[in-house]
Amino acid sequence: MPILEVKELKAYYITEKYGRLYRVKAVDGVSFQVNKDEIYGIAGESGCGKSTLLKAVSGLLKPPLQVLEGEVIYNFGDDVLNILSLKDDKQRRQVRGARISHIPQGSMSVLNPVRRIKKAFQDLIRAHLGSMERSRFEEMVKKHLDALGLDWSIMQAFPHQLSGGMRQRLTIALATILKPDIIFADEPTTALDVVVQRGVVQLIKKIKKEQQNTLIMVTHDLAIHANLCDRLAIMYAGKIVEEADVDVIFNQPQHPYTLMLLKSLPKLGDKSIRVSAPGAPPSLIHTPSGCRFHPRCPEATAHCRRENPELLELEKGHRVACFLKGGC
Ligand code: SF4
């Protein structure tokens with residue numbers, strides 16, 4: 001059984017403005033499975049719903065985000081739970097941090113600017129393991145920091161005294177100190193320069209290998225997916241449109257949107273102008289009829305404008321949502 005199974009998940013931002021109700025369909029009928037010890041990537045343009053998917057799956061539900069339908073089942077071996085059935089945020093917080101952890105886009109959403117780094121570790125450990133003796137706490141944190149190549153002296157620093165790369169390393173240290181079963185990483189390298197990005201990706205790889213946890217990586221950066229992931233899902237306008245092993249996505253992409261994404265990537269030595277998908281991603285309030293990619297798809301037919309293709313298995317482990325690829 002997979003460690004995570006998401007079934008027909010719908011998560012919308014529902015807001016009211018001037019008496020009108022707006023429904024932003026950020027995640028609209030998404031199903032996928034993640035196996036234990038796997039690195040599963042989710043890619044797509046900004047605003048396609050990938051970060052919202054991560055929030056909904058990890059139970060980070062704050063208004064106006066609401067889950068309307070679907071199931072998110074975790075199988076930790078000794079425990080099976082549908083995180084969406086936990087009504088109380090306190091119960092969800094107990095699962096997050098200990099069994100599920102989250103590396104966010106920006107370290108400052110985790111680190112309090114007016115408290116020393118040590119306090120963030122103390123708060124997390126106290127919330128999940130209760131109070132512990134100072135010597136035991138220091139031994140536990142020191143051991144973890146050593147494994148990540150970080151120095152204990154950093155615990156006395158305030159966040160503003162550290163570089164962005166160092167803060168992101170500390171965010172990873174915080175997210176992994178309790179050895180969670182699943183780590184969700186939401187654009188963890190955004191806003192870092194290329195050299196620091198490489199260090200952060202290597203750190204994530206190292207800790208994942210040591211702790212043998214499952215990693216779900218969300219980023220628009222396809223180079224990071226190529227470097228890190230086992231399988232990759234491509235999202236477009238709130239839906240998964242293609243999913244396969246990362247090598248298959250890069251070498252035999254089938255969905256027209258995936259083809260366009262890959263064609264837009266720079267290639268060493270190739271100075272020709274890169275072609276990207278024409279137009280812009282659609283509004284998630286007024287989504288296009290039929291296939292959501294049809295306004296930008298060079299292969300679109302009248303059928304595509306009317307009907308929405310299902311995500312179907314083209315061959316073992318390779319799912320595509322396109323009428324040209326046998327979709328119905
Ligand atoms: Fe293009 Fe039609 Fe396939 Fe959608 S279903 S990607 S519009 S060919």
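Helix α3 is the biggest contributor to the lining of the largest pocket, giving 5 residues. A pocket is an open set of points on a 1 Å grid over the protein atoms alone, with protein on both sides within 12 Å along at least five of seven lines, and a lining residue has an atom within 4 Å of a point. Keep in mind that this is a predicted model, where local features need pLDDT of at least 70 and side-chain atom pairs count only at pLDDT 80 or more, while totals for chains, interfaces and linings use all residues. Residues are numbered from 1 along each chain as its sequence is written, and side-chain values use heavy atoms, with hydrogens and water left out.

Back to that largest pocket. Its lining is made of 28 residues, and Leu60, Arg93, Arg96, Val110 and Leu124 lie nearest the centre. The elements that give two or more residues to this lining are α2 (89-95), β6 (100-103), α3 (117-129) and α5 (164-176). The space inside comes to about 900 Å³, where a volume is the space filled by probe spheres set on the grid points, joined across faces, edges and corners. What classes of residue make up the lining of the largest pocket? There are 13 nonpolar, 8 polar and 7 charged residues. For this sorting, Ala, Val, Leu, Ile, Met, Phe, Trp, Tyr, Cys and Pro count as nonpolar, Asp, Glu, Lys and Arg as charged, and the others, Gly among them, as polar.

The second largest pocket holds about 380 Å³ of space. Look for Gly29, Lys239, Pro309, Glu310 and Leu311, which lie nearest its centre among 21 lining residues. At least two lining residues come from each of β1 (4-17), β2 (20-34) and β10 (239-245), with β2 giving the largest share, 4 residues. The lining of this second largest pocket splits into 10 nonpolar, 4 polar and 7 charged residues.

The largest cavity has a volume of about 90 Å³. Of its 14 lining residues, Pro256, Cys291, Cys297, Cys304 and Cys322 are the closest to the centre. What takes up this largest cavity? It is the space taken by the ligand, and a molecule sits in a cavity if more than half of its atoms lie within 2 Å of the grid points. Around the ligand are 13 residues, the closest being Cys291, Cys297, Cys304, Cys322 and Phe323; to be near, a residue needs a heavy atom within 4 Å. That shell has 10 nonpolar, 2 polar and 1 charged residues.

The second largest cavity, with a volume of about 40 Å³, is lined by Glu45, Ser46, Gly47, Cys48, Tyr236, Ala237, Pro281, Pro282 and Leu284.

Finally, take a look at isoleucine 216 in strand β8 (residues 214-218).

Definitions and conventions:
1 Å grid on protein atoms, 1.4 Å probe; cavity = no way out; pocket = protein on both sides within 12 Å on 5 of 7 lines; lining within 4 Å.
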